[in-house]
Each structure stands twice: as C-alpha cells, then as structure tokens.
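Biologist: I would like to learn how to read salt bridges and paired strands in a model. Please show me the structure before we start.

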Amino acid sequence: MMRTSIVAAACVVAMAAAPAAAREKQITPYIEIAQILTADLTNDDVLTYTTIAAGVDATFQTRRVQVQASYRYERRIGYDERLADADIHSGLARVAVRVAEPLTIEGGGLATRSRSDIRGAAPGVLQGNVANISQLYAVYAGPTFGSHIGEVGVSGGYRFGYTKVQVPSIVSPIDGQRLDLFDDSRSHLAQGSLNLKSGTVLPVGVTLSGAWTRDDASQLDQTYEGRYGRLDVLYPVSRTLALTAGAGYENIQISHRDALFDASGQPVVDARGRFQIDPNGQRRIDYDFDGIYYDAGVVWRPNQRTQLEVHAGERYGSFSAVGSLTYQASKSIAVRVAGYDGIQTFGRQLQTGLSEIPTSFNPGSNTLAQGFNGCVFGAQGGAAGNCLNSALQSVSTSAYRARGIEAVLSVTRGRTNYGVGTGYANRRYLASDGGPGITIDGFEDESFYIQGYINHQLDTRTAIDANVFANYYKSGIGTQIGVYNVGATASLTRRYGRFNAFGSLGIYNFGQDQAPSITSIQALLGGRYSF
C-alpha cells in the first residue's frame, strides 16, 4: 500500500478539491523496456540485464490546487544468477490544496533508494549489483491554517508522517562495530502562533508560538518527544531591515530500550539483521534537555523577491546559528540557501526535507540518474528546490544533532533548464552511555555534496540531459576513513508520437581514502510508450 499511495493520494485529493477549470492538468501513464550494460573497469566484470518498468507523471495546477507526482516501478531481469533480484520504486509527490480561505491541506510522498551505513560502499549510478543501498518510503500529510482575530494573526498546523526502510539487499563489509538497521517510524508535529505586526498596537512586532512533536521508531522502541514555547520581538530599523530577538523554553527527551546481546557480547539480530529488544533490559535516556534558549538576528527584505534572515544565540547548551536566503530574480531563476541546527531523528529530518520541496519540481528524465535521493530542483515559476542529501547521507537509528548548510539554484531559459545544489551536513550522535554494547554518543558523521543537471530541448521531439555529482562521507565511528563517489550521466531522447526512444551513458568512481577506487560505466538503450 505504501508503494502506490505516493501518487494515488495526491491524485485523489486533487480531483476531489479542484474546480472544474484547471490551468494545467496532465496525467501520463507509461510502460517502458530497456537493456542495460554495466561494466566494472577495475575488476574487469561485465553484467547485462533487461528492465521492465511502469509509471505515471501527473501535474494538476489551479488557483486552489497544486499537485505534482512522479512514480516509477521497475523490475530487473537478469540472464544468470549473478544479478541480485530487484524491485525498485522511485517517486515523488507534493500536494497543496486550499480547502477554504484559511485552511490548506499539504502532503507529500517519497520512494527512493539511499545509502544505509555511512561507512560502507558509496555507489553513485545505481545499476547492476550495488551494495549498502536500502529502499525507503516516506509520506506526510496535515492541515495548516492562517487567519486574523482583530489585529492579531493566528496560525497553526498539524502534520503526521511515516517512514519505512528496507534492509540492504547486498550488505557492504564494514570495518568496525555493527550498527542497528532502521525499520520504520511514525511522527507527529502540532504547532501554533499568535502574531502582532509592528506599527499596529505596538511599535514592535510580537510573536508568541508553541509546538509539540513526537517520533516513535519501532527499532528498540525509540521515542523522541519535544515541547516548545517561544516569544519573539521584531524591531523595524528601516523599510527593508529589521532586528529580531527571541527566547523560549523547550523540553526534549529521547529514549530507547536495551538491545539483546548473546554470551559472546554480540547483538542478537533477526533474519533481516535488526537488533532485538532485551525483555529484561531497561529504558535508557539518550538525551534530556529542559531549559531556556535564546537568539538574536536580522531580517532583510529589500523587495518582494528577496528575503534574508539570520539568527545566532545559545541552544542545546551551546552556540547555535541558523539562517535562510530566498531570491527569485524572475519566473526563470530561483535561489535558496539554508543553514540549520536541530535535534533530529532520521524520520523527522526526512519528513522536514520532503515538506520543503516545492509543489512544482523537475522530475528528471534520465533513468541512470539518482532517482530523488539527492537534490530536487524547482520547475519554472516555482521555488528553487531542496536537497535531501543531509537526511539521506545514511539511515540512522540513533538520534542526533543535525547541523549544516545547503544552497540550490534553479534556472529556466527558453528550451534549457539547469540547476546546481551543494551543501555540508554534520551529525553528532546522542546515545545513552549506560547499558550493554558500545555507545556512539558524541561521535560525528559529516558529508559534503554537490550535484548539477541540465536539460535542453533540441527541437519539438528531441531532448538531451546530463547530470554530474560528487559526494564525500566521513564517519567518526570506527576507522574514520572517508568514502567518496563522483559520476556523470547523459541521455538523448527522441519522441515519435506516444513512443519515446532513449539512450543513456553513465560513468562513476567510488572508493575510500588511501585505498584503490572502483570505476564503472553503464549504457542503457530503451523505449517508453505513454498512454
């Protein structure tokens, strides 16, 4: 059910709420067949196989409804036993439906493949037998509202999210302690605020806000619960510049139950490799913060197309800084830069990243590309987009403090679309130092990433596109050896009525610091029939 709900939920909500006349409506189901060759140049190994795929691309844009969904199911068929069985799901959906003037329902869904352990293999072009890769699914939905009571603005919302991750079909050898494997989690977020604009009753703007969030992960019965309250003051210095300061109270507690270990001190795992709960164990506190936090900053809005906001202060008992820049030069150019700092779980961070993808995005057309597990770029007239790399650098069962910065640029110029996304992500793990096993409390993972794409329409029937990417991962757990990958793909598509013929080429290299790397090439030739 999770696999089909990504597109189905989007389409059902849109059709139910949309008015009769739509500005843009397009639903295109398709079937596809392709032949793939992948060659490991380092180990002189060649593998060929056939893929059969079915999918749908849907767009529905009106004054009240914004929906875009892209979903693809692929089955790989090998000619011998060397190809691991694979059913691959990739898709992305974003929905925003304005039910009434103050009320909007938002939702999203994601199906993709991601690296499991940050210390393991880092394949880039996910063709052939790839290790350390997990299939994952995520969905979220909930209402938001905004209105006024006299001079006071009132806003709020609720969001429910679900995340599911399968274990890697091919496990990557790891030099170091074994880590647990994420299964699934359910998250809730409820928030509200009261806002008084500057110059109405007071010369300063005042905002009072509060939130409650909870995330329940099935693995070792991990629970995250947070409660927040905050007061902010905004003082206009000029028409475009304002100073802001705020203080709040928050209570965050994260806990889990003990894992079961055998007589030799090794964790007991099930058939899928996940740790088991010790029925006689305790519930351990991984993180417990109860106190005041504060910050100050600036807000700069020189025009309706540009906004810069930066805050710095103390949070979680140490220095903290966050900020954002959005710039929409025109309907064709959009820029987004964001710096973040927060206590996270894997499910919560992925849900947040998914919600920040715009409702109009570029789904890509190259089947050798990464399939929504990196940067997603906005379409013409929309926002710049968002990168999921910070959440998908690895699938973590432990909670962590996530800090980093990312930037995304999306451009549409006539027949050409292109975009660039880059960033840095850091995780500092939060875990109990009591109980059996080895704690990872205080260890840090970090990653650097950059991705670019270009699509050009040669004529009304022919298009070319290309993708390039580079990633570097380093974990503080175990040997602390860096893992990297770089790669590029290119494709040519030619349309003949409802039939598209296409060919793609890809090359990538991955390895570890101070160790030989592996270079591989891929070639794909296929056809798609759209209904």
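The dialogue below takes up salt bridges, then strands.

Modeller: This is a predicted model, in which local features need pLDDT of at least 70 and side-chain atom pairs count only at pLDDT 80 or more, while totals for chains, interfaces and linings use all residues. Residues are numbered from 1 along each chain as its sequence is written, and side-chain values use heavy atoms, with hydrogens and water left out.

Biologist: What is a salt bridge, and how many are there by this rule?

Modeller: A salt bridge is a side-chain nitrogen of Lys or Arg within 4 Å of a carboxyl oxygen of Asp or Glu. By this rule the count is 23 salt bridges. One of them joins Arg-72 to Glu-74, with 3.1 Å between the closest N and O atoms.

Biologist: Are Arg-72 and Glu-74 buried or exposed?

Modeller: The terms rest on relative accessible area: buried is under 20%, exposed is over 50%, and partly exposed is in between (1.4 Å probe, protein chains only). Arg-72 counts as buried because its relative accessibility is 11%. Glu-74 is also buried, because its value is 7%.

Biologist: Which residues are linked with Arg-72 and Glu-74 in a network?

Modeller: The network of salt bridges links Glu-32, Arg-72, Glu-74, Arg-76 and Arg-528.

Biologist: How do Arg-227 and Glu-225 meet, and where do they stand on accessibility?

Modeller: Their side chains form a salt bridge at 3.2 Å, N to O. Arg-227 has a relative accessible area of 42%, so Arg-227 is partly exposed. Glu-225 has 18%, so Glu-225 is buried. Another salt bridge, between Arg-186 and Asp-184, has an N to O distance of 3.7 Å. Arg-186 is partly exposed because its relative accessibility is 40%, and Asp-184 is buried because its value is 11%.

Biologist: Now the strands. In which sense do β13 and β14 pair?

Modeller: Strands are DSSP runs (E, at least two residues), numbered from the N terminus, and two strands pair if DSSP finds at least two bridges between them. Strand β13 (residues 306-315) and strand β14 (residues 318-328) pair in the antiparallel sense over 10 bridges. Glu-314 stands opposite Phe-319 in β14. The hairpin of β13 and β14 has 2 residues between the strands, and Tyr-316 there takes a positive phi near 55°.

Biologist: What joins β14 to β15?

Modeller: A hairpin joins β14 to β15 through 4 residues. β14 pairs with β15 (residues 333-344) in the antiparallel sense over 6 bridges. Val-337 in β15 is the bridge partner of Leu-325.
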